[in-house]
Amino acid sequence: MSVPSPEVEASYAYCRRVARRAAGNFYRGMRLTPEPKRSALFAVYAWMRAADDTVDNPPESGPETVPGAACRLDAFAEATDRAIDPAAALPDGELWPAVRDTVTRYAIPREYLGEMLAGQRGDLGGVAMKDFGELYTYCYRVASVVGLTCVKVWGDDGDPSVAKLAEYRGVALQLTNVLRDVAEDARRGRVYLPADELTRFGLPPEALRGDADEQAFVRLMRFQLERARSYYEMSATLERHLMPDCRATSWAIMRTYRVLLERIAERPARVLGGRVSLPLTRKLAVVAGAVAKRNF
């Protein structure tokens, strides 16, 4: 494997700073991956962060519009295409040399990046999911494809089940995010819980903004919690197929979110009042457990 140029090294350093500043739960897990794969994860995260900021952070010059955000996302997609084309000139910006190097070194398919951008596009304007099929597609685009990308970096044993295991793991993580952020998202006009399931439990979408009937909401949440748990269980053997030196990262990220899910389950209605999080001591305990764990 060739040694990165100074320009690429500087770009990786930039991506590492972005991840340290913004990656939250993922940063401690990513640090468990050995170099050079660790820097590749930082580059993937920094690219995802830039795409997300393209959609969610409007320019200071005026109010945000959906067409304006869509245009910015189109421009970002075009820049990505140039960045991963070895024959094209790199776009301006510190991000792109590391992105090109990572995509090339680890043979990350362009379709993975395209799916992630499609997930970002799905967040433009209001969001309403008709049924779980639509929610599953969203989870696949914004989380499962991230997992598939990480597996390309980590390496695996070639077992044909790996792709499906990574897909299920991404769904589990994103369902956890959906349940954690249900009220915050609803107040922004984004209702990810399926409309047919809200109807089944007697809750209108606007009730998720924070004034839902608590008993009905708890019944809905218990149903959603069991679904999320099932996807954690279906992906439980993923780490066995990853390269040994990268298993701890995958396990730490999974375990952090699984513990978060169970914290939500302790008092499901608490998510209506704000985002549920884990104390730093719990997060550090998960990382310590990942370091100590040897058999997955």
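**Exercise 1. Identify the residues that line the second largest pocket, and describe that lining.**

Solution. In this predicted model, the lining of the second largest pocket consists of A118, G119, G122, V127, A128, M129, E134, T137, Y138 and R141.

Step 1. The space within the second largest pocket amounts to about 170 Å³.

Step 2. Next, the lining is assigned to elements. At least two residues each come from α6, β1 (127–128) and α7 (132–154). The greatest contribution is that of α7, with four residues.

Step 3. Sorted by class, the lining of this pocket comprises five nonpolar, three polar and two charged residues.

**Exercise 2. Determine how many cavities of 30 Å³ or more the structure holds, and characterise the largest cavity.**

Solution. Rolling a probe the size of a water molecule over the atoms shows where empty space is left.

Step 1. Two cavities of 30 Å³ or more are found in the structure. The volume of the largest cavity is about 70 Å³.

Step 2. The residues around the largest cavity are A43, V44, W47, V99, T102, V103, I108, L113 and T149. Both α3 (37–56) and α5 (96–105) provide at least two residues of this lining.

Step 3. The lining of the largest cavity includes seven nonpolar and two polar residues, but no charged ones.

**Exercise 3. Decide whether α3 and α6 are roughly parallel or roughly antiparallel, and describe their contact.**

Solution. Two packed helices are described by the angle between their axes and the distance between the axes.

Step 1. The axes of α3 and helix α6 (residues 110–122) approach within 10 Å and cross at roughly 30 degrees.

Step 2. Angles under 35 degrees count as roughly parallel. The two helices α3 and α6 are therefore roughly parallel to each other, and their crossing is right-handed.

Step 3. On the α3 side, the contact is formed by W47, M48, A51, D52 and V55, and on the α6 side by L113, M116, L117 and Q120. By class, this contact has seven nonpolar residues, one polar and one charged.

**Exercise 4. Carry out the corresponding analysis for α8 and α11: at what angle do they pack?**

Solution. 

Step 1. Helix α8 (residues 162–180) packs against helix α11 (residues 214–234) at about 155 degrees, and their axes are 8 Å apart.

Step 2. Angles over 145 degrees count as roughly antiparallel. It follows that α8 and α11 are roughly antiparallel to each other. The crossing of α8 past α11 is left-handed.

Step 3. From α8, the residues L165, Y168, V171, A172, L173, L175, T176 and L179 take part, meeting M221, Q224, L225, R227, A228, Y231, Y232 and M234 of α11. The contact of α8 with α11 has 13 nonpolar, two polar and one charged residues.

Technical notes
Residues are numbered from 1 along each chain as its sequence is written. This is a predicted model: local features need pLDDT of at least 70, side-chain atom pairs count only at pLDDT 80 or more; totals for chains, interfaces and linings use all residues. Side-chain values use heavy atoms; hydrogens and water are left out. On a 1 Å grid over the protein atoms alone, a cavity is a set of points where a 1.4 Å probe fits but cannot get out, and a pocket is an open set with protein on both sides within 12 Å along at least five of seven lines; lining residues have an atom within 4 Å of a point. Grid points are joined across faces, edges and corners, and a volume is the space filled by probe spheres set on the points. Ala, Val, Leu, Ile, Met, Phe, Trp, Tyr, Cys and Pro count as nonpolar, Asp, Glu, Lys and Arg as charged, and the others, Gly among them, as polar. Axes are lines fitted to C-alpha atoms, for helices over the stretch in contact, and angles run from 0 to 180 degrees between N-to-C directions. Angles under 35 degrees count as roughly parallel, over 145 as roughly antiparallel, 65 to 115 as roughly perpendicular and the rest as oblique. A crossing is left-handed if the near helix is turned anticlockwise from the far one by less than a right angle, and right-handed if clockwise. Contact means heavy atoms within 4.5 Å.
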